[in-house]
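Subject: Structure handover

Hi,

Here is the structure I promised to pass on. My notes on it follow below.

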Amino acid sequence: DRYIVGLFLSAEVLGIYVLYWSITNALNNLITISVVQIKSGELVKIAHHGGKSFNRSLLATSIGSSAIAVGLGALATVMMYFVVPYLGRPEVVAYLPLMFLLCAGMVLRTLYEAAGNAFYARGRDDLLFYTVLGVLVVALGLNLWLDPRIGIWGAGFALVASYAVGVLTRI
């Protein structure tokens with residue numbers, strides 16, 4: 001979405017968006033690598049044996065990774081309120097509330113990626129592909145529609161909405 005957002009925002013506002021987006025993206029990558037991917041092998045084994053334990057394990061992974069995302073997102077947001085004023089860039093301070101929106105998107109993205117294990121564990125790469133494609137289309141459409149109208153906030157809302165749709169397609 002950063003590239004689409006760049007079509008409609010000034011370089012300065014795009015830089016602010018990328019700053020906050022990069023923080024939430026890094027946190028999401030940390031959670032995905034340390035929680036979701038580690039559980040993937042276990043979920044594949046359980047899926048091949050069948051039973052309700054797969055659903056319980058998938059739910060536990062999804063809830064656990066989302067809870068970590070909420071905690072890290074809250075911590076990062078609070079830290080940004082202390083750090084950003086020292087950057088000497090008042091325009092970055094003005095957009096601090098955007099961090100809340102992007103953290104909500106991070107939580108949804110984490111849940112989206114954890115829920116994708118259901119398809120992965122059952123060898124349904126086709127469904128993974130279609131859900132990724134769906135998120136891409138929704139994000140593209142919403143960014144093209146919202147960004148010219150409400151700027152940086154449109155990019156944030158598009159990110160949240162696209163991952164919300166992604167979660168719904170995977171559950």
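Methionine 106 is buried, because its relative accessibility is 3%. Buried means under 20% relative accessible area, exposed means over 50%, and partly exposed is in between, with a 1.4 Å probe and protein chains only. Methionine 106 sits in helix H5. Helices are DSSP runs of H or I with at least four residues, strands are runs of E with at least two, and both are numbered from the N terminus. Leaving out residues up to four places away in sequence, methionine 106 touches Thr24, Leu27, Asn28, Ala69 and Gly73. Contact means heavy atoms within 4.5 Å. Threonine 24 is 82 residues away along the chain, yet its C-alpha atom is 6.0 Å from that of methionine 106.

Before you go further: this is a predicted model, where local features need pLDDT of at least 70, side-chain atom pairs count only at pLDDT 80 or more, and totals for chains, interfaces and linings use all residues. Residues are numbered from 1 along each chain as its sequence is written, and side-chain values use heavy atoms, with hydrogens and water left out.

Now the helix packing.

H2 and H5. Helix H5 covers residues 98-115, and its axis comes within 9 Å of the H2 axis, crossing at roughly 30 degrees. Axes are lines fitted to C-alpha atoms, for helices over the stretch in contact, and angles run from 0 to 180 degrees between N-to-C directions. H2 and H5 are therefore roughly parallel. Angles under 35 degrees count as roughly parallel, over 145 as roughly antiparallel, 65 to 115 as roughly perpendicular, and the rest as oblique. H2 passes H5 in a right-handed crossing. A crossing is right-handed if the near helix is turned clockwise from the far one by less than a right angle, and left-handed if anticlockwise. On the H2 side, the contact residues include Tyr17, Trp21, Thr24 and Leu27; on the H5 side, they include Leu102, Met106 and Arg109. The residues of this contact divide into 13 nonpolar, 6 polar and 2 charged. Here Ala, Val, Leu, Ile, Met, Phe, Trp, Tyr, Cys and Pro count as nonpolar, Asp, Glu, Lys and Arg as charged, and the others, Gly among them, as polar.

H2 and H3. Helix H2 (residues 11-49) packs against helix H3 (residues 53-83) at about 165 degrees, with the axes 10 Å apart. The two are therefore roughly antiparallel. This crossing of H3 by H2 is right-handed. Its contact residues split into 18 nonpolar, 5 polar and 2 charged.

H5 and H8. These pack at an angle of about 20 degrees, with axes 8 Å apart. That makes H5 roughly parallel to H8. H5 passes H8 in a left-handed crossing. Among the residues in contact are Leu101, Gly105 and Tyr112 of H5, and Trp153, Phe157 and Tyr163 of H8. The contact comprises 16 nonpolar, 3 polar and 3 charged residues.

Next, the aromatic rings. The count is 4 aromatic pairs. Rings of Phe, Tyr and Trp (its six-membered ring) pair if their centres lie within 6.5 Å; planes under 30 degrees apart are stacked, over 60 edge-to-face, and the rest tilted. One of the pairs is tyrosine 81 with phenylalanine 100, which is tilted, at 6.1 Å centre to centre and 50 degrees between the planes. The pair links distant parts of the chain, with tyrosine 81 in helix H3 and phenylalanine 100 in helix H5, 19 residues apart. Tyrosine 81 is partly exposed, at 36% relative accessibility.

Last, some single residues.

- Serine 40 is in helix H2. It is buried, at 11% relative accessible area. Beyond its neighbours within four places in sequence, serine 40 contacts Asn117 and Tyr120.
- Tyrosine 120 is in helix H6 (residues 117-121). It is partly exposed, at 44%. Leaving out residues up to four places away in sequence, tyrosine 120 touches Ser40, Val44, Asp125 and Leu128.
- Serine 162 lies in helix H8 (residues 152-170). It is buried, at 2%. With residues up to four places away in sequence not counted, serine 162 touches Val135, Val138, Ala139 and Leu142.
- Glycine 15 is in helix H2. It is partly exposed, at 40%.

Best wishes
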